[in-house]
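Please read the following report alongside the sequence and the coordinates.

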Amino acid sequence: MNTAPAASLPESARDANASLRRAISETRRRNAGKVRLAGLQGAGEPWQWCLGGALALGILMVLGLLLLVFWNGLVTFWPRPIEQVRLHDGTVVAGEPVRSQTFRPGQEVLAALDPAPRSGIERNDGMAARTLYRTGNYDLYGDDFRWLPDYEIAEVSRPWDLMLVERMEWGVFVGRIVAISSGGQRAPVGDVRSPDLIKRHEEARRRWQSIRALERGEIGAVNHRLEQERLRLRRASLANPEGGTALDAARQRFAEREAALKAQHQVLADRASGMRRAHEGDLVVLADAAGREKEMPLGAIVRFYPANDLSLAERLGVYLSRWGEFLLDEPREANTEGGVMPAIFGTFAMTLLLVLVVTPFGVITALYLREYARQGRLVSIVRISVNNLAGVPSIVYGVFGLGFFAYILGGSIDQIFFPERLPNPTYGTGGLLWASLTLALLTVPVVIVATEEALAAVPRSMREGSLACGASKWQTIRNIVLPRAMPGIMTGVILAMARGAGEVAPLMLVGVVKLAPELPIDGYFPFVHLERSFMHLGFHIFDVGFQSRNSEAGKPMVFVTTLLLIALIFAMNVSAILLRNRLKRRFQGSQF
Amino acid sequence: MSAKGIVLAGAAMLLAVGSVAPAIAQGVQIDPALPRYAAVSGVSGNVKSIGSDTLNNLMTLWAEGFQALYPNVKIEIEGKGSSTAPPALVAGTAQFGPMSRPMNQREIDAFQQRFGYPPRAVRGAVDALAVYVHKDNPIQCMTLQQVDAVFSRTRRGGHSTEITTWGQLGLTGEWANRPISLYGRNSASGTYGYFKEVALFNGDYRDSVKEQPGSSTVVQGIASDRYAIGYSGVGYRTADVRAVPLATRPGERCFEANAENAYAGDYPLARFLYIYVNVNPNQPLDPLRRELIRFIYSRQGQEATVKDGYFPVTQAIAEEDLRAMRIIN
């Protein structure tokens with residue numbers, strides 16, 4: 001009854017509309033005398049509605065998810081006002097209001113209340129409202145968030161001089177800046193915007209940064225050389241287990257170098273500790289809303305602002321500076337604060353390496369399967385296997401990567417090339433290289449399938465033309481087939497990249513860790529360290545969302561990091577698509 | 001950076017002042033006898049830590065503090081559960097194996113078989129495993145036997161009946177007929193093992209316990225489920241949940257999950273958090289691991305413990321462990 005119109009279409013039809021119309025009228029003629037619905041079905045209308053509806057639903061859900069991530073991610077860093085709350089019992093609390101909800105207070109809570117608020121709650125069907133405040137000051141009170149029910153609150157105000165102070169340690173401080181003290185001299189701070197305070201804070205921050213640069217750069221280099229010498233000695237003692245002159249020479253050399261390096265280290269360390277003393281002597285006195293004071297180094301403050309007294313431009317300044325810190329800095333306080341620079345770099349480096357591995361591997365496989373292999377049962381089996389590989393759960397690849405790459409391959413590399421570092425593994429544990437290879441295995445079916453399709457789509461006439469001109473098979477493939485298949489291959493690579501960058505589960509087994517601030521590229525030979533573990537944005541999301549001490553504080557960071565991961569994948573995809581379009585344009589004019 | 005304005009506790013052993021009760025919570029005080037850590041020269045290299053996720057953040061904080069002193073040290077931290085620590089130590093893939101429970105005999109045997117000596121433990125922090133309920137839950141006290149009857153199907157604790165509704169725990173009104181919704185950890189977790197051993201008297205968990213992949217996930221689950229109960233480290237407390245005071249036996253006093261009660265041994269679920277290390281008794285420890293262990297037992301290291309919500313250890317414990325590892329004589 002329902003012959004699909006498409007099936008009866010003549011293949012050479014040029015005008016799709018005309019043939020569709022013909023098909024519909026033919027179906028109508030055949031279905032004449034039957035119920036009207038059949039005609040409608042024959043025309044495919046209910047199906048069109050279903051497909052359209054499904055598409056709309058899908059787009060709506062994706063957009064909804066993206067909108068949620070975007071909105072929550074974008075507002076996180078926007079500075080919010082601070083409210084000072086005085087409770088009926090006289091306690092003063094200050095904090096950023098986070099969210100409110102209604103709840104039903106228990107009987108014993110109600111019984112303890114004054115008659116006035118109690119009757120208010122009873123009028124409201126026993127429901128009351130409460131607000132969650134981000135109070136900070138974890139070092140003083142052992143809490144960073146606090147729920148305050150409305151019936152406990154006597155007064156809410158927004159004093160202009162309340163500051164939000166972001167610190168290197170212990171999270172935020174909500175309160176006032178009372179004084180600056182250095183060398184035991186305490187100078188009260190009257191105006192929170194005094195240029196003197198800002199100048200001294202900038203100086204203190206610069207000093208802290210130069211301490212870090214000294215420790216990381218110069219002291220780090222000395223330590224690195226010392227470690228190299230130690231390894232050299234160990235290598236010598238492994239090579240000469242019986243001892244002998246070579247080992248003695250190595251020992252002597254080590255002793256000389258060690259003494260020189262230690263002296264160098266001492267000089268630098270003295271300089272650093274002198275700067276540290278200055279850092280720790282330059283203090284700022286903070287006081288919370290209730291008046292409790294806290295002294296800390298001025299340089300340990302990341303930024304401070306009077307939250308209730310900001311113009312729009314100042315707000316924007318704080319917002320952008322927070323984004324800058326997030327994108328460019330290292331994480332602090334077990335990843336809940338600071339930036340995600342190592343994670344961005346790790347994700348990017350891994351994806352790049354993945355593409356470098358997966359593209360040649362996939363393309364060569366597809367070339368052989370499509371162009372050289374005799375099409376038969378064996379090739380069919382290989383093809384089916386490749387397709388099935390795409391359906392294997394990703395965690396299985398992770399287990400394989402850990403067992404084969406890290407333990408077997410990496411373990412052997414360590415035995416052969418890095419015996420002096422054992423028992424500490426170099427390649428014999430998860431790392432950037434093994435993670436990329438594992439993900440390359442995971443995504444290679446995508447590239448193979450896409451490349452095969454692209455190769456098949458190159459017209460036979462072009463190959464024959466090339467062969468007829470006397471080109472060999474390889475010349476034909478290289479000069480005619482591959483360039484024309486390139487856009488299709490690129491599509492496969494883009495798909496593989498998108499899948500690889502978003503994958504987390506297998507990575508947790510083969511090299512992604514919670515904390516690895518050291519980037520895989522640095523200034524020490526051999527400059528690129530593929531054996532290093534790395535941080536990954538996807539894992540960072542999991543870690544901050546499910547593992548951080550304070551899940552309340554972690555939530556906004558989850559959204560920001562998700563936003564960033566989406567943006568990174570989007571940027572990589574867009575650049576790949578642009579590249580593909582350029583390739584396409586190049587061959588558009590040269591079709592026969 | 002030490003907190004100013006906190007009164008020092010006089011006694012050397014009892015360090016905790018103030019309670020962690022939400023209304024007047026105070027910072028926890030650190031043993032003043034613990035030395036400040038000072039950097040020494042020649043420390044660099046890589047360390048990897050594989051193990052407990054309860055200790056994940058604390059290890060990270062220690063690593064951050066240590067790396068601030070030794071910029072060339074690379075510390076990698078992986079935390080998927082205490083049971084992942086012993087195999088990693090045996091295979092040599094990790095130098096530190098944080099665990100939220102002591103190693104069991106089988107794990108120690110496996111280690112000894114490979115190396116010929118037992119692993120050593122650093123007791124880096126004290127945790128009070130808290131039983132959390134939703135912040136609106138009015139329950140005031142539970143005995144371990146009640147906890148067992150709630151979480152376990154075997155009821156080895158000796159409670160006569162199964163407890164499935166809040167009414168059976170003495171709550172009235174809207175709570176009386178509400179079923180208890182259970183949250184717990186997955187079986188790779190040391191917290192799972194410890195809770196099973198102490199609170200369940202080695203009984204079996206009920207099938208209805210919703211097993212969560214992380215300590216923080218348990219707290220988040222309880223925060224969004226008004227009738228929930230679950231267990232997790234005291235460091236993961238948020239404003240949305242409340243820790244129930246616990247009593248060891250029916251009729252006894254209930255104790256809050258705070259530092260004071262954990263040190264005094266009054267809180268029934270207080271435990272040490274361990275970091276296992278491969279220490280060859282015949283060889284001196286390499287400088288990197290030695291210094292990291294000394295850092296953990298320093299003032300800065302124990303400040304990190306407080307920062308992560310756990311309770312610091314005392315100088316007496318530090319000396320005992322350092323001596324056992326021959327770091328000090």
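## A helix pair in chain B

Helix α1 (residues 56-69) of chain B packs against helix α9 (residues 299-307) of chain B at an angle of about 145°, and the two axes are 9 Å apart. The crossing of α1(B) and α9(B) is right-handed. On the side of α1(B), the contact is made by B:L58, B:L61, B:W62 and B:G65, while α9(B) contributes B:Q300, B:G301, B:A304, B:T305 and B:K307. Sorted by class, the residues of this contact of α1(B) with α9(B) comprise four nonpolar, four polar and one charged. The model described here, in this section and in those that follow, is a predicted one.

## Domains of the two chains

Chain B is divided into two domains, with domain 1 made up of residues 45-126 together with 271-324, and domain 2 of residues 128-270. Their C-alpha centres, those of domain 1 of chain B and domain 2 of chain B, lie 28 Å apart. The contact between them draws 17 residues from domain 1 of chain B and 18 residues from domain 2 of chain B. On the side of domain 1 of chain B that touches domain 2 of chain B, there are four nonpolar, eight polar and five charged residues.

Chain A is divided into four domains, namely domain 1 (5-75), domain 2 (83-159), domain 3 (186-304) and domain 4 (344-588). For domain 1 of chain A and domain 4 of chain A, the C-alpha centres are 36 Å apart. The contact of this pair involves four residues of domain 1 of chain A and six residues of domain 4 of chain A. The side of domain 1 of chain A that touches domain 4 of chain A consists of two nonpolar and two polar residues, with no charged ones.

## Where chain A meets chain B

Between the chains, 53 residues of chain A are in contact with 52 residues of chain B. Several elements of chain A give two or more residues to the side that touches chain B, among them the helices α7 (195-239), α8 (245-281), α16 (537-547) and α17 (551-588), as well as the strands β4 (145-149) and β10 (293-297). The largest share of this side of chain A, eight residues, comes from α7(A). By class, the side of chain A that touches chain B holds 19 nonpolar, 16 polar and 18 charged residues.

## Strand pairing in chain A

An open sheet of five strands in chain A has the order β4-β3-β2-β1-β5, and its pairing is antiparallel. Because β4 and β5 (153-157) of chain A stand at the edges with a single partner strand each, one side of each is left without a neighbour in the sheet. Neighbouring strands of this sheet are turned against each other by 40° on average, direction ignored. Within the sheet, strand β1 (residues 83-87) of chain A runs antiparallel to strand β2 (residues 92-103) of chain A, and four bridges join them; A:Q84 stands opposite A:A94 in β2(A).

Elsewhere in chain A, β7(A) pairs with β6(A) in the antiparallel sense over four bridges, and here A:V165 is placed opposite A:F173 in β7(A). Strand β8 (residues 185-188) of chain A is likewise paired with β7(A), in the antiparallel sense and over four bridges, with A:I180 opposite A:A187 in β8(A). Seven bridges join β7(A) to strand β9 (residues 282-288) of chain A, again running antiparallel, and A:S181 stands opposite A:L283 in β9(A).

## Residues with a positive phi

Most residues other than glycine have a negative phi. A:W170, although not a glycine, has a positive phi of about 70°, and A:W170 is found in the loop between β6 (163-167) and β7 (172-182) of chain A. The hairpin of β6(A) and β7(A) has four residues between its strands. A:W170 counts as buried because 22 C-beta neighbours lie inside 10 Å. In the hairpin of β7(A) and β8(A), which has two residues between the strands, A:G183 takes a positive phi near 60°.

In chain B, B:N202 is a residue other than glycine with a positive phi near 65°, and B:N202 is placed in the loop between α5 (190-198) and β7 (210-212) of chain B. With 10 C-beta neighbours inside 10 Å, B:N202 counts as exposed.

Technical notes
Residues numbered from 1 in each chain as written. Chains lettered and ligands numbered in written order. Predicted model: local features only at pLDDT ≥ 70, side-chain atom pairs only at ≥ 80, totals over all residues. Domains from an automatic or database assignment. Contact = placed C-beta atoms within 7 Å. Nonpolar A, V, L, I, M, F, W, Y, C, P; charged D, E, K, R; others polar. Axes fitted to C-alpha atoms, helices over the stretch in contact; angles between N-to-C directions. Left-handed = near helix turned anticlockwise from the far one by under 90°. Buried ≥ 20, exposed ≤ 12 C-beta atoms within 10 Å, placed from the backbone. Pairing = 2+ DSSP bridges.
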